[in-house]
Amino acid sequence: MSTTAPAASETGLTTAPVRLEIQNLRIELASSGEDVVDEVSFTVRAGELLGLVGESGSGKTTVALALLGHARRGLAIAGGRINLDGEDLLSLRPAQLRAVRGAKVAYVPQDPSAALNPTLRIGLQLREALNCHPGAVEDVEARTVEVLQDARLDVNSGILKRYPHQLSGGQQQRVALAMAFACRPSLIVLDEPTTGLDVSTQRHVLETVRALCRSYGVAAVYVSHDLAVVGGLVSDVAVMYAGRIIELGSTQQVFNFPIHPYTRGLLEAVPSPDRSEVLTGMKGQPPRPGRRPKGCSFAPRCSYAVERCSIESPAPLHATGRLVRCLRASELGAGALAARGTPVPVSLTVSEPILQLNELSASYGRHAVLHDVNLQVAPESCTAIVGESGSGKTTLARCIVGLHANWRGQMSFEASPLARGMRGRQIELLKRIQYIFQNPYTSLNPRKTVSQIISQPLEHFERQLTTREREVRIARVLADVSLGSAFLHRFPDQLSGGERQRVAIARALVVEPDLLVCDEVTSALDVSVQAVIVELLRRLQHEHRLAMIFITHNLALVRSIAQTAVVLCEGRVVEAGPVEEILEHPSDEYTIRLIKDVPKLTPGAKEP
Amino acid sequence: MQWLATLKAAVRTPRGAVGLGLTGFVVLLAVIGPHVEPYSPTNFVTIPFSTPSAQDLLGGDTLGRDVLSRVLDGGWVLLIMAVAATAFGVIVGGAAGISAAYLRGKIDGIIMRTVDVVLAFPSLVFALMLVSIIGPKLWLIVLAVGFAHAPAVARVLRSATLDISERDYVKAVELQGVKPAKVMRSEILPNLISPLMVETGLRLTYSIVLMAGLNFLGFGQPPPAANWGFMIQENRIGLSSNPWAVVVPAALIALLTIGTNTFTDAIARVAIGVDRRPEEAALIDELVAREAA
């Protein structure tokens, strides 16, 4: 099959040499020989970035690691070629491969705080990266300074003498970038390098990556589940599903006129700060290696699937400037992403607030985190609290539910004052305010079944219920969160991230609360799953007539779910009001910057 | 059941199979022994330190008793005492460690400083001190050995609990106002099964060594009774005439400790984290299933 990304020929401008060429890469489970990744082919030219996108479990990180000649434990690279500047990485002996890694192929990990050695100064770590490839660089000191400047770090600030923990997350990621670019590699592999960063920091880091690739003619592969980030950054994009590339082409083409139903689904799940609409997520989850259905792997989740799809395995086709792996590609055509979605019905009712905060200030020890926060939550409505990490939004949530007791000011629930900590609150009150944690991977007890997890609050709050009544309530709430009774006896590690978060929601809803506090409930989830969860919360909030506090760092999500919003910056409320007004006519500088820095699905929007 | 699954997985590893085999062999010998011994272990049937013969397969001991009969008879009390001491130590130490970590504050301080004081004594010296004050009673030896283990168990479980009690699922239950005792029992304890199993195995090994040591020093069952630890002590003067009277009980104690330790090691290796990410879990499950098949 042809392996050239069609984008290059299309613009007719790119004549840069091909740096990386992958042909029919196949990675298997070492024990059984079942494919984890198969038939993956693409090329990247010097100075270009290719985005590798897909849900978790799609095989994108596996491919990324293979570019360094590495396979995770239990996996084996079984076939194909990875040509870097004409040399096949897979034919190298381990010692040769080690010489290539770092010098010709560099890797930027997801979490820089875990990748940098906390006991070594930055200068030493950078020199180490250079010194392990003797001969690669003549003047190590000069290069160290140069790469730090390239990564837009101030060398005169004494950064070389600092330890990683003395740097911010953004600075740490820049150091990781500097290390990767230190030996002037041909290829750089970036594994979701901005996931843990704030939108503003994220934008700056991404700009640095793009500039560095351009100026040094480096080919880059950028792995991400965040399509909005990829959209503004890369020139070509490869969408992966179940270990195969299902659509490959220029970002402009693929994001504006997606063909494959999966790509369409992913794009429709991305929230936008410009429109308020019902998000459509995708049901189900990618099949595991060895459990893939016959025919097209996506067929069971595909709304366009016909009978043929579950029999015939689609071969990659050339269609309107891209490769696409779908049997119905020609019929589906490249429809522009429909002026999407149903707008969210907005109803603002003015009534007595169910929760009211006056001049609330909170601190950890002597360190003040929140300053004079005022907040009102109307019954049966959703208020979003928006802010970057460190803005105090999680502390605010913890004060409201009673996990954090060190605060001053007034907080009242239905006009009666709330005690500081949960120990001082009536059991009835604990029941009426429920909290959903950020990370569903840690909020469910791994030793308990779903049924035990959901029945626990019932056993505690509503002891009068008989076993039978409890079962009815559990079944009803499971149906509410779209999980069947088949889930009752599963353990959390048998569930996907989205399913776990549904269980967490069910646990909060089963006691029929009046106020639901959701703390970044989608930040640990894929975009497609995020859309489903946000929709679920919106529907449940409406059906159960709940008041809801939705905490997020993602401004784009706010519009889909909330009626009013509060923007927090360094522990202070900088803006509050109806969502429409804040997003369309922001008055505070911080809000304006926050809105500007949200990555948007505007492919090809590049600065010179 | 999680702990059963872990045990089964441990047995399936080569390390676990060897460990269980060794332990099983010695335990079987100690349990069946008293019913199959050829002579009474306290009767004088041969010449002191006589070499092995057709009548006395392992020869005679310091007083001319049959070594084989004494070996077969001398294990079960040691085993029962070691198990009882381990159980006592793990329960007391575990309860102390979990409460210290979960309740924090003053209680943590009091428990852990007590632990520090007890830890300052070598466990054998500590047990000897108690036994020499109160006298060589079997129940006291069990309590003394168990109590000597408690601090180490408390340390390990405290650090494990510190981690778990910060998890969100514990916070979720606390938010309902559930009482601390119940949180510890139903949320934290089930997540401590792996360290508990490893710690129990490890402490069992130490208990056996400590018990045998105390017996060797003469604090144990009073003399005519057979006991592996004390056999080494009473027969060592005849080591050159009939080495079997020392070597066999010593070897059995060694095999038993090596067996329990190896098996514990297998459990520790099997009991890797439970909160794996689903894709990873799927991969590992797949691999494990295939290896088993």
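Chain B comes out with 13 helices and zero strands. Read from the N terminus, then, its elements simply go α-α-α-α-α-α-α-α-α-α-α-α-α. The model is a predicted one. Of the 293 residues in chain B, 47% are buried. As for contacts in chain B between residues at least 6 apart in sequence, 71% of them join residues at least 24 apart.

One helix pair in chain B can be looked at in detail. Helix H4 of chain B covers residues 76-103 and helix H9 of chain B covers residues 180-188; the two pack with their axes 11 Å apart, at an angle of about 115°. Angles of 65 to 115 degrees count as roughly perpendicular, so H4(B) and H9(B) are roughly perpendicular to each other. Their crossing is right-handed. On the H4(B) side, the residues involved are Ile98(B), Ser99(B), Tyr102(B) and Leu103(B), and they meet Pro180(B), Met184(B) and Ile188(B) of H9(B).

Strand S13 (residues 355-364) of chain A and strand S14 (residues 367-377) of chain A run antiparallel and are paired over seven bridges. Within this pairing, Leu360(A) has Val373(A) in S14(A) as its bridge partner. The hairpin of S13(A) and S14(A) has two residues between the strands, and Gly365(A) takes a positive phi near 60° there.

Technical notes. Residues are numbered from 1 along each chain as its sequence is written. Chains are lettered from A and ligands numbered from 1 in the order in which they are written. This is a predicted model: local features need pLDDT of at least 70, side-chain atom pairs count only at pLDDT 80 or more; totals for chains, interfaces and linings use all residues. Two strands pair if DSSP finds at least two bridges between them. Helices (H or I, at least four residues) and strands (E, at least two) are DSSP runs, numbered from the N terminus. A residue is buried if 20 or more other C-beta atoms lie within 10 Å of its own, exposed if 12 or fewer, and partly exposed in between; C-beta atoms are placed from the backbone. Two residues are in contact if their C-beta atoms, placed from the backbone, lie within 7 Å. Axes are lines fitted to C-alpha atoms, for helices over the stretch in contact, and angles run from 0 to 180 degrees between N-to-C directions. Angles under 35 degrees count as roughly parallel, over 145 as roughly antiparallel, 65 to 115 as roughly perpendicular and the rest as oblique. A crossing is left-handed if the near helix is turned anticlockwise from the far one by less than a right angle, and right-handed if clockwise.
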